[in-house]
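I opened the model to look up the ligand surroundings, a helix pair, the domain division and some backbone details. The entries are kept in the order in which I went through them.

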Amino acid sequence: MEAVGAAQARESGDSHDPGFGVYVHWPFCAQKCPYCDFNSHVRHGGVDQAHYLDAYKQELRYVRDRVGARPVTSVFFGGGTPSLMQAETVAALIDEIAKLWTITPGAEITLEANPNSVEAERFKGFRSAGVNRVSIGVQSLRDEELKRLGRLHSVAEAKAAIEIAARTFDRFSFDLIYARPKQTIADWKTELGEALAMGSQHLSLYQLTIEPDTPFAALHAAGKLVVPGDDDAVALFETTQEMTSAAGLPAYETSNHAAPGEESQHNLIYWRYGCYAGVGPGAHGRLPVAVNDFALDAVRLATSTEKMPETWVEKVSAQGHGFVEQTPVTASEAADEMLLMGLRLKDGLNLVLVHEVSGMAPGDGEIAQLVADGLLSQDPPHIIRATDKGAVVLDELIRRLSESFGRV
Ligand SMILES: C[S@@+](CC[C@H](N)C(=O)[O-])C[C@H]1O[C@@H](n2cnc3c(N)ncnc32)[C@H](O)[C@@H]1O
Ligand code: SF4
């Protein structure tokens, strides 16, 4: 019997293009935070930005040759700390992207910023360069917590950066980390309440993850850093969902909250399984495949670049790009990835899109069972969403659906 999702998919004609994004990774930071495992490096001797700019441009040209002409619907400068870039470097990169492809009118161009005062002073320059949205890494509204997180900025600087961002850009967002050591629900309620009163239309709220091979992981292993247990973490998560919804910034993705229409268009490309180029040291990308790659059952090309900045530059000047991985993603891997990301979205997973990309659909029997268990909702039939109950056991939900996937 044919899966409901796939049949609906064909009949509904309800398909939407997630767009094509360009992600630029700037891998340098003023200091390494003890919880962070992003590809970030400290260079006390400074960074020759003009030298790096040449390499970025070269790698962009390489990607352009691979994927051809297409409209770019969003650009994201992530890191590391892109607010350490000179405005001229950012401007030159945006110009290069616009020259190689076309940037659609009104495209979202985001830059991640650390809220140190020196960096906030650069906001105007970033705006003139073409950036129209900043995402500020505030992390906490408590000075003693910022110290514990190894941050270089104060709460006052973070608040000042938010004010400057509100004056300078059409849109801005900020990040907080919660479920920190010894944090009680009452503490978090007060802190989140303060954050929600600061006028941002978008917030990214992440539970602290103990990443392997970080100083926090060593402290955790030694029993010197204790994070909230599972029950407390669930309670903190639920409090977060309730308070953000009540404030008009409901979660549109597990950790991302926005007023309607203020969602990050770039991140939605990832979560809706659109294609994106990733350039710069340690960047990941998902590129469209050439027609003849279909013979390999590939529906996307997963790319990643050399992580060490100096080695990346050498590779780019030797071979035109710093890619160390260009791996075909098979239809069934793509279906799993879509499941993983789509179920984090409030709008859910569009089975039309899953079928278009992978030719696969989850089994009707499993969907019906998960709906009966109260973990999943299906409305209309080609959209499935994790319920509040399901969101708490998302891994289990994803595993069961993944096992039921079949070609239709
Ligand atoms: C690439 S990082 C940082 C951007 C910027 N350099 C900063 O630190 O503000 C993006 C976000 O990931 C979050 N993050 C990084 N490591 C984390 C961890 N171990 N647990 C939870 N959130 C984390 C932080 O909220 C951070 O703002
Ligand atoms: S959290 Fe941000 S500033 Fe800190 S090391 Fe990671 S990328 Fe750099």
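My notes on the ligands, the helices, the domains and the backbone follow.

Before anything else I noted that this is a predicted model, in which local features need pLDDT of at least 70 and side-chain atom pairs count only at pLDDT 80 or more, while totals for chains, interfaces and linings use all residues. Residues are numbered from 1 along each chain as its sequence is written, and chains are lettered from A and ligands numbered from 1 in the order in which they are written.

**Ligands.** I looked up ligand 1 and found 16 residues around it, of which Tyr-35, Gly-137, Asp-175, Tyr-206 and Thr-209 come nearest; a residue is near if its C-beta atom, placed from the backbone, lies within 6 Å. Strands S2 (71-79), S4 (133-139) and S5 (171-178) each supply at least two residues of this shell, where strands (E, at least two residues) and helices (H or I, at least four) are DSSP runs numbered from the N terminus. I sorted the shell of ligand 1 into six nonpolar, seven polar and three charged residues, with Ala, Val, Leu, Ile, Met, Phe, Trp, Tyr, Cys and Pro as nonpolar, Asp, Glu, Lys and Arg as charged, and the others, Gly among them, as polar. Around ligand 2 I listed residues including Cys-29, Cys-33, Cys-36 and Gly-137, and its shell divides into four nonpolar, six polar and one charged.

**Helix pair.** I found that H13 (residues 331-342) and H14 (residues 351-358) pack at an angle of about 160 degrees with their axes 9 Å apart, the axes being lines fitted to C-alpha atoms over the stretch in contact and the angles running from 0 to 180 degrees between N-to-C directions. H13 is therefore roughly antiparallel to H14, a term that covers angles over 145 degrees. Ala-331, Ser-332, Ala-334, Ala-335 and Met-338 in H13 meet Val-354, Val-357 and Ser-358 in H14, contact being C-beta atoms, placed from the backbone, within 7 Å. By class, this contact of H13 with H14 has six nonpolar, two polar and no charged residues.

**Domains.** I noted domain 1 (1-17 + 345-408) and domain 2 (19-268) in the protein chain, with bounds from an automatic or database domain assignment. Their C-alpha centres lie 31 Å apart, and the contact takes five residues from domain 1 and seven from domain 2.

**Backbone.** I found a cis peptide bond from Gly-79 to Gly-80, with omega near 15 degrees, and Gly-80 lies in the loop between S2 and helix H3 (87-100). Another cis bond joins Asp-379 and Pro-380, with omega about -5 degrees.

Note on methods
Parallel < 35°, antiparallel > 145°, perpendicular 65-115°, else oblique. Contact = placed C-beta atoms within 7 Å.
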